[in-house]
Amino acid sequence: QVQLVESGGGLVQAGGSLGLSCAASGRFSSISSMAWYRLAPGKQRELVASMNSAGRLMYVDFVKGRFTISRDNAKNTVYLQMSSLKPEDTAIYYCNAVAVIEGLQYNYWGQGTQVTVSS
């Protein structure tokens with residue numbers, strides 16, 4: 001099993017920056033991919049950015065040029081550096097990981113961290 005713990009959420013002003021981190025722990029062979037999702041008030045949860053073990057990156061168009069996802073494989077940690085934040089970015093941000101355990105892939109979620117951007 002895998003546990004994911006997010007940190008770094010908080011309150012920032014529009015135009016500011018904030019960095020999130022998510023650390024994976026437990027017993028697994030590898031983490032094949034890690035990603036950040038967010039859930040805004042009144043909206044469906046959406047994918048923000050992802051990165052697999054080979055370094056393939058994906059960003060939604062709304063955050064390209066503002067957000068950067070990175071991984072530290074040695075620490076089993078994924079980061080999301082956010083800049084030029086907008087009030088529309090206000091949401092609960094969730095870490096997701098796909099872990100390989102005995103040859104099978106399993107999907108795990110963190111509890112989320114609140115990001116609030118004031119205008």
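Hello everyone, let's start with a pocket. Arg 38, Ala 40, Lys 43, Glu 46, Phe 62, Arg 66, Lys 86, Glu 88 and Asp 89 line the largest pocket. Please keep in mind that we are looking at a predicted model. How much space lies in that pocket? About 170 Å³. Sorted by kind, its lining has 7 charged residues and 2 nonpolar ones, with no polar residue in the set. If you wonder what the idea behind such a search is, rolling a probe the size of a water molecule over the atoms shows where empty space is left.

Now for some rings and charges. Which rings does the charged end of Arg 45 sit over? One is the ring of Tyr 37, whose centre is 5.8 Å from that charged end. Another is Trp 109, where Arg 45 lies over the face at 3.9 Å from the ring centre.

Next, let's walk through the loops, and please follow along on the structure. Between β5, residues 46-52, and β6 there is a loop that holds Arg 56. Is Arg 56 buried or exposed? Arg 56 counts as exposed because its relative accessible area is 63%, and the cut-off for exposed is over 50%. Leaving out neighbours within four places in sequence, Arg 56 is in contact with Ser 50 and Met 51. Ser 33 is 23 residues away from Arg 56 along the chain, and their C-alpha atoms are separated by 9.2 Å.

Moving along, the loop between β6, at 57-59, and β7, at 67-72, is the place of Val 60. Gly 65 also lies in the loop between β6 and β7. Val 60 is partly exposed, because its relative accessibility is 21%. Gly 65 is exposed, with a relative accessible area of 80%. Which residues does Val 60 touch, once those up to four places away in sequence are set aside? They are Leu 47 and Val 48. Ala 97, on the other hand, is 37 residues from Val 60 along the chain, with 18 Å between the two C-alpha atoms.

Gly 65 leads us on to Ser 84. These two are 19 residues apart in sequence, and 9.2 Å apart in space from C-alpha to C-alpha. Ser 84 sits in the loop between β8 and β9, the latter being residues 91-101. At 40% relative accessibility, Ser 84 is partly exposed. Have a look at its backbone too: phi of Ser 84 is near 50°, a positive value in a residue other than glycine.

Asn 76 is worth a look for its backbone as well. Its phi is positive, about 50°, although Asn 76 is not a glycine. You will find Asn 76 in the loop between β7 and β8, which covers 77-82. With a relative accessible area of 25%, Asn 76 is partly exposed.

Let's finish on a strand. Where is Gln 114 found? It is in strand β11, which spans residues 113-118. Gln 114 counts as partly exposed because its relative accessibility is 39%. Setting aside neighbours within four places in sequence, the contacts of Gln 114 are Gly 9, Gly 10, Thr 90, Ala 91 and Ile 92. Pro 41 is 73 residues from Gln 114 along the chain, and their C-alpha atoms are separated by 11 Å.

Terms used:
Residues numbered from 1 in each chain as written. Predicted model: local features only at pLDDT ≥ 70, side-chain atom pairs only at ≥ 80, totals over all residues. Heavy atoms only, no water. Lys NZ or Arg CZ within 6 Å of the ring centre and 35° of its normal. 1 Å grid on protein atoms, 1.4 Å probe; cavity = no way out; pocket = protein on both sides within 12 Å on 5 of 7 lines; lining within 4 Å. Points joined across faces, edges and corners; volume = space filled by probe spheres on them. Nonpolar A, V, L, I, M, F, W, Y, C, P; charged D, E, K, R; others polar. Helix = DSSP H or I, 4+ residues; strand = E, 2+ residues; numbered from the N terminus. Buried < 20%, exposed > 50% of the residue type's maximum accessible area, 1.4 Å probe, protein only. Contact = heavy atoms within 4.5 Å.
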